[in-house]
Amino acid sequence: MAIEPQVIVAGHICLDLMPQFAVSGSAALTPGSLVHVGAALRSTGGAVSNTGLALHRLGVGVKLMGKIGDDLFGHEILRILNDQGPVLAQGMCVVQGEVTSYSVVISPPGVDRMFLHCPGANDTFSADDLDWSAIESGGAGSGGARMLHFGYPPIMREMYIDGGQQLQSIMVRARRAGLVTSLDMCSVDPASQAGRVDWPELLERVLPEVDIFAPSIDELRVMLRQGGGANHALEHGHGEYGKAVTGAELGEISERLLAMGAAIVVLKLGDQGLYVRTTTDEARLEHLAARLPISKARWLNAQALAPCFAAHFVSANGAGDTTIAGFLAAMLRGEAPAMALRSATAVGACSVEAADAVSGVRPWPEIQQRLARGWKQMPSTLAL
């Protein structure tokens with residue numbers, strides 16, 4: 001049975017092709033060699049798929065809005081979505097003549113992953129490709145969708161050129177329709193056109209229209225250390241991926257993002273867990289409280305940190321996206337900040353127990369039962 005959409009998930013979607021390697025280590029990547037591989041796993045990737053399908057598996061009604069071509073890979077994406085749910089492909093924008101985005105994930109055992117990525121139709125995605133009739137049927141008191149979540153603007157050309165005007169217009173229009181707005185990021189390639197964007201300036205423009213901002217700490221280290229379009233600064237920041245995070249750094253970065261205009265900042269910390277900090281401005285929370293069953297008193301001027309849960313690790317592919325799905329689902333259920341982080345990191349831990357992003361995600365009641373049984377959390381030395 002189809003569930004009435006509570007969340008519109010829009011932005012980047014692609015087809016992931018993952019060859020299965022029999023050879024481990026760097027020997028599998030020797031130039032000029034013929035490497036025998038097994039069957040290629042196929043799954044949808046990107047925020048629309050990872051966050052959207054995770055929400056669906058958690059029992060949250062979703063409508064997915066991505067852009068694909070009317071080609072072989074596009075039809076495969078539609079098939080995969082339809083297999084997950086009979087209505088999940090209905091919001092997709094299929095355009096004749098466009099190339100569907102795809103990634104080849106090269107991940108031999110014991111070697112860090114490599115990605116060969118074709119942006120395809122994601123680069124031409126604009127505000128006009130969204131189903132605004134479905135988005136604007138939401139809003140307070142209408143019973144429609146309560147939230148718009150948008151993901152991966154750094155690899156969607158129309159979203160970052162011209163200072164992010166298209167992205168800003170999407171957020172503005174969605175908020176005027178009464179929806180809570182949520183925004184996720186991804187890494188910025190220094191060699192790409194996105195690497196020449198003044199990201200602090202773009203965030204200054206967009207974040208006043210964003211209620212929930214949910215990037216990773218590594219992505220922000222790159223974006224916030226770059227300004228004035230200086231590519232050198234971006235390249236320097238890119239080298240800080242994976243650096244140990246401190247409570248002082250979390251405080252500094254979250255304070256800066258709140259000052260730019262976001263109401264709630266959620267930072268993905270990799271194996272260090274998930275962090276949240278919220279606005280001190282009660283009026284800024286009014287929009288969220290009108291659409292979500294949250295306590296303004298609990299979400300005002302809040303700060304919390306949740307470590308990861310112990311899991312049988314298979315792959316981190318899409319784990320950050322599914323973690324954010326858990327966070328959004330928790331907010332839709334009215335959970336307080338610390339509990340929302342706990343639920344979110346639990347969803348992320350389920351995700352890493354499967355090769356793709358969403359197969360390991362269980363229905364919400366099953367995850368809560370696992371928590372109730374005393375699911376062990378990983379030790380953390382991070383202090384706020």
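How many nonpolar, polar and charged residues are in the lining of the second largest pocket?

1. Basis. This is a predicted model, in which local features need pLDDT of at least 70, side-chain atom pairs count only at pLDDT 80 or more, and totals for chains, interfaces and linings use all residues. Residues are numbered from 1 along each chain as its sequence is written, and side-chain values use heavy atoms, with hydrogens and water left out.

2. Pocket lining. The second largest pocket is lined by 11 nonpolar, 4 polar and 1 charged residues (Ala, Val, Leu, Ile, Met, Phe, Trp, Tyr, Cys and Pro count as nonpolar, Asp, Glu, Lys and Arg as charged, the others, Gly among them, as polar). Of its 16 lining residues, M18, Q20, S107, S315 and A355 lie nearest the centre. Strand β2 (residues 14-21) gives the largest share of this lining, 4 residues.

3. Pocket definition. A pocket is an open set of points on a 1 Å grid over the protein atoms alone, where a 1.4 Å probe fits, with protein on both sides within 12 Å along at least five of seven lines; lining residues have an atom within 4 Å of a point. The volume of the second largest pocket is about 280 Å³, taken as the space filled by probe spheres set on the points, which are joined across faces, edges and corners.

4. Fold. The chain has 14 helices and 14 strands (DSSP runs numbered from the N terminus: H or I, at least four residues, for helices; E, at least two, for strands). Buried residues account for 56% of its 384 residues (under 20% relative accessible area, 1.4 Å probe, protein chains only).

Notes
Buried < 20%, exposed > 50% of the residue type's maximum accessible area, 1.4 Å probe, protein only.
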